[in-house]
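Dear colleague,

I am passing on the structure below, and after it I set out what was found in it. Please read the notes with the sequence and the 3D view open beside them.

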Amino acid sequence: MGSFTKALVVSLFVGFLAVKWTSPSFNAESLRGARVLVTGASTGIGEQLAYHYAKSGAQIVITARREAMLQQVVEKCMDLGAQKALYITADMGNVLDPERVVDFALEKLGGLDYLVVNHIGPSPFTMWEGDVEHIRWLMQVNFYSHVQMAWRAFDSLEQSKGSLIVVSSLLGKQSSPFVAPYSSTKHTLNGFFGSLYHELSIKKSNISITICTLGLIDTEAAMEKVRNIAMLPAYPATDAALNIITAGATRQPELYYPWFTYIMNKKQWQRAEVLSKNLTTTVPRNICSLSPYHCSF
């Protein structure tokens, strides 16, 4: 690493710390009674989001496809101190379900203070072989459904001066092999809500948007994809969830977790070019030791 690169990395790190230190402080009590809708909440980050909101005494609606798991999460949320915890099953690949979920939350909670769109659809970690229908379906789950839910909730969020929290990935900032469908949906997600953030600012809207860029998190889905491949540790879903909640509650426009994803995004490492020159059509076992956050899901 040359002296210029070192200086750039250090300056970016210092800038990141400066932003963190000057960010508004987070008071968990501010969430007491807050009306929250969390998607993708049967497992992983979404489940941990529900538990953190519950500990703060929020009113929560959660959604995912698997009813039995949602029931368990709701029961635990009540045990942890949620004022109210409800669930609704939904398939975000069905174009009617995203708006139906928001309508349910609005009816049961009387409005929304936080909408956390966290759900994603499964996608193989492999070379793309021309499956266009999979990309169409994945765009519905990972992008269009987010837009549908946001628009449906906007009137309520505007009235409550609420927050829209969009959970995304470092793969929505950088390109990588083996994740073309997934990465394309996350780039689209970031582009749309990044633009919408500016439009709401121009209109002086009461709604805040927080876009969360995550690295490798130790969810079951992520670990299944990188098993026997990843050589570096994943970061805990419960910690990621708390950082997401804090960023949304303090109305931060962006979150990078873990912290060095900020530097990885600002410094264009050109990993994809290096990998494409050295890899065959077989995914190597040590790909994540070369580029661990290309394995973020």
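This is a predicted model: local features need pLDDT of at least 70, side-chain atom pairs count only at pLDDT 80 or more; totals for chains, interfaces and linings use all residues.

Residues are numbered from 1 along each chain as its sequence is written, and side-chain values use heavy atoms, with hydrogens and water left out. Helices (H or I, at least four residues) and strands (E, at least two) are DSSP runs, numbered from the N terminus.

Strand E4 (residues 114-117) runs parallel to E5 and is joined to it by four bridges, with Leu115 having Leu164 as its bridge partner in E5; two strands pair if DSSP finds at least two bridges between them. Together with helix H5 (residues 132-160), E4 and E5 make a right-handed β-α-β unit, where right-handed means that, with the strands pointing away from the viewer, the path from the first strand over the helix to the second runs clockwise.

E5 also pairs in the parallel sense with strand E6 (residues 208-214), over seven bridges, and the partner of Leu164 in E6 is Ile209. From E5 the chain crosses through helix H6 (residues 180-202) to E6, in a β-α-β crossover that is right-handed.

**Helices H2 and H8**

Helix H2 (residues 44-55) and helix H8 (residues 237-249) pack at an angle of about 60 degrees, with their axes 8 Å apart (axes are lines fitted to C-alpha atoms, for helices over the stretch in contact, and angles run from 0 to 180 degrees between N-to-C directions). Among the residues that meet are Ile45 and Tyr53 in H2, and Ala241 and Ile245 in H8.

Ala240 has its place in helix H8 and, at 0% relative accessibility, counts as buried. Ala240 and Ile45 are 195 residues apart in sequence, and 7.1 Å apart in space, C-alpha to C-alpha. Not counting residues up to four places away in sequence, Ala240 touches Ile217 and Tyr257, where contact means heavy atoms within 4.5 Å.

Terms used. Buried means under 20% relative accessible area, exposed over 50%, partly exposed in between (1.4 Å probe, protein chains only).
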